[in-house]
Amino acid sequence: MKTTLTLLLALAGFSIVSAQSPGGGVFQKFDKNSDGKVTSDELPNAQAFERFDVNKDGVITLEEYTQVAGGMKATTTPTTPTKQGDTPPATTVAADAVFSGYDKNSDGKVTTDELASPQAFARFDLDKDGAISLEEYNKVSGKTAPTTTPGTTPPPSPAVSQIDAMVKQFDVNADGKITREESAGAQWFNRVDSNADGVIDAEELAMVKKIVSRGGAGGGRGMSSAAPAISPEDVKKVTSGPEILKPGDVGIGRMIVDAPFTDLAGKAHCLSELKNSKGIVIIMTSATCPVSKRYIPSVAKLEKELAGKGLALLLVNPFASETAEEIKAQLAEHGLTSPYIHDKEKTLTAALQARTTTEVFLLDATRTLVYRGAFDDQYGINYNLDAPKHRYLHDAIAAFVKNESPHIAATAAPGCELDLASAPKLAASPVTYHRDVARILQQNCVTCHRDGGIAPFALDDIEEVKDRAKVIKRVISEGTMPPWFAALDKDATTNLWVNDCSLSAKDKADLLAWIESSDRPLGNVAEAPAKRTYPAEWSIGTPDLVIPLSRAYDIKADGFMPYAFDVVDTDIAEDKWVTAYEILPSERDVVHHVIVQVHEKGADARDREEGAGGYWAIYVPGNGANIYPQGFARKIPAGARVSFQIHYTPSGKAKKERLRMGLVFAKTAPQYEVKTLALANNRIAIPPGASHHVETQTRRVPFDIPITGYMAHMHIRGKAFKYEVTYADGKTETLLDIPRYDFNWQLRYDYKQPKLIPRGSTLTITAVYDNSAENKANPDPTKLVKWGSQTVDEMMLGYFEYFVPLSAKVAMK
């Protein structure tokens, strides 16, 4: 039996070495001479001895042991030691954690007020008396032996039954938990005690059973202990290439000044002369920089492509030390005929604030900077690839000609660094609406704040901006808009997050300066940005598959709505790899967030673990689409069932809503599979009136996890959230700190480069809740708040997105 328990728990991913029998009970194991007392010689652990020696008389009696281990006094004291296999004295077994979570008033019943889903309530209320008892819950959920009542689950598997039987050997006081003392120091205890609180409780035991019943492919929620190992070198290969930059920090969306320049033939020009073109590509180059020289053949090919796209090309050489003969020889060798500026005074170079000799710039006809950075990732200071993996400039141009924004708008550009110390200084000029403010808003706000956008008002013309000037000042001063809540380490030298949408320091300063100015100057209307267009439907392009909800949902005009739950069966004939998804509401103003999970064909889609099982796709305000990097994809199996959990919020007008999810399939086999795991604490209990209540949860990492991003989930009492890791050597590092959590903006925080968390580390999430009257969103500060799916309840979920390498054989399936 010991061997079987060890094997079953090992299958569950807990790497158990061996199990130890409690003999005739934990107390009897230490009571070596069977005199009914345990002395300090028999239990040499001083800390444990002091804990159990309640009356401090130097010995531990069975009554003292039972009192401490079980939280109650023994009602009977056996006169002889119990034998292995004897039934322990009867005690009251604690209710299941899920049942207790819904039983808000702890009266032993769950009413319709406590479980708002009519479908779920009808399933559990077997006798239809309007209340769910613990017995009914146990019958339906399979926690006890099933009856003949229709709708109950099948009997537990033999493996689960064996675990139940053997747990009884260790659970001496039959309280449904195993303490460290009851395990007699078994080596498997720490593995199963996932939150390291010294007790293996019902939730942790249930997780073992659940994983075993699924065939042992576990290792934690979403964690497979059989995942292939991945090294730091492997991660570097995945993320090789130029660093992706925060667009606002490098001027994306701003107007480039109309700098004068002289071409190689000595003719004077300025950028505004090129306004008849749809846009301008400017490429920094050199006749002597090694990286620039390697890129010249690619530039020559691009020159031919641009002619048919209505885009002009300028080549800019910032080195006064290079000669006209060197430059002309290079141009003749590669057949380049585009205007070439030998920018000896660095006038145009300074206007662009160019950084290296390979940096490229894409401007629209109004000189708005659309993209800047690397040509592609084929060449660098110390590497050469046979072909580029990411064609940044080409991708930006392709998006631009379709009137779309580039997916990646700014990168670093490897090349010879430029020194602009001797360049002409650009004189600062007063901020104007047409040249500056309109572009700042267009780049950072108008995607949502426009006609047809998800925001409640538009900000794409001067009258709308004037009306909202004080609102704009408040939200950008508070940092609530644009929504981004990750705290940056004060000592950080780089920004870790690829999707940081916060305002740059310059954009913020210019916007506030204009709002606070006495006249709010409009400036020259000729300097206004081009009107931006937005996709009529799908921002990811035409999907290969569209999955709508099974029906339209009636949304009330006002009041509260419980979460909707919808399941759709697909007819996908074979497994597919998904490189992009988008969740598209039919009525954006009533959809707050959506969590999508994908299940195997015929699976019970209700087994969602209330979000603790991770997610497959997600929609939050302003972020309903995700395009994975090249080589990355999520899997959707043949005949998959797709479940949607939807938080609808009434908007003042009754509506019908039927959202859709669009999927784009991979054209070639991916190299990496994207997955999501969740670290959850469903035993939270937030006291009434508490303004700063802290909850934590930890989990050991059973395999190397290359994390690509995070998403924290709490409800309206959520105040702050933090992710941390403790490595095997004891060093602790903050992964993500959200000091001001906002339920209305449940953002994903995506790394520029994956963060490798090695096996054996411990992940910790910490959540802070405000259940006081000072929390204006709090529906009832007098309530003890526990885990629940509705907004008036609470949750504590830390999602992790990560990837696993795929073999070619697996990827082609």
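I began with the open sheet of 4 strands, whose order I noted as β16-β22-β18-β19, with the pairing antiparallel. The model I am reading is a predicted one, and I keep that in mind for each entry.

I then looked up the edges of this sheet, which are β16 (564–569) and β19 (617–619), each of them pairing on one side only. From one strand to the next, I found a twist that averages 15°.

For the pairing at β19, I noted that strand β18 (residues 591–599) is joined to β19 by 3 bridges and that the two run antiparallel. Looking up Ile595, I found that its bridge partner in β19 is Ile618.

Next I turned to the largest nonpolar core, which has 89 residues, and I recorded Ile636, Phe644, Tyr648 and Met661 as those that touch the most other members.

My last entry concerns helix α12 (residues 290–306) and helix α15 (residues 392–401), which pack at an angle of about 10° with their axes 12 Å apart. Angles under 35 degrees count as roughly parallel, so I describe α12 and α15 as roughly parallel to each other. The contact is made by Leu302, Glu305 and Leu306 from α12 and by Leu393, His394 and Ile397 from α15. I sorted the residues of this contact into 4 nonpolar, 1 polar and 1 charged.

How values were computed
Residues are numbered from 1 along each chain as its sequence is written. This is a predicted model: local features need pLDDT of at least 70, side-chain atom pairs count only at pLDDT 80 or more; totals for chains, interfaces and linings use all residues. Side-chain values use heavy atoms; hydrogens and water are left out. A nonpolar core is a set of buried Ala, Val, Leu, Ile, Met, Phe, Trp, Tyr and Cys residues joined through side-chain atoms within 4.5 Å. Buried means under 20% relative accessible area, exposed over 50%, partly exposed in between (1.4 Å probe, protein chains only). Axes are lines fitted to C-alpha atoms, for helices over the stretch in contact, and angles run from 0 to 180 degrees between N-to-C directions. Angles under 35 degrees count as roughly parallel, over 145 as roughly antiparallel, 65 to 115 as roughly perpendicular and the rest as oblique. Contact means heavy atoms within 4.5 Å. Ala, Val, Leu, Ile, Met, Phe, Trp, Tyr, Cys and Pro count as nonpolar, Asp, Glu, Lys and Arg as charged, and the others, Gly among them, as polar. Two strands pair if DSSP finds at least two bridges between them.
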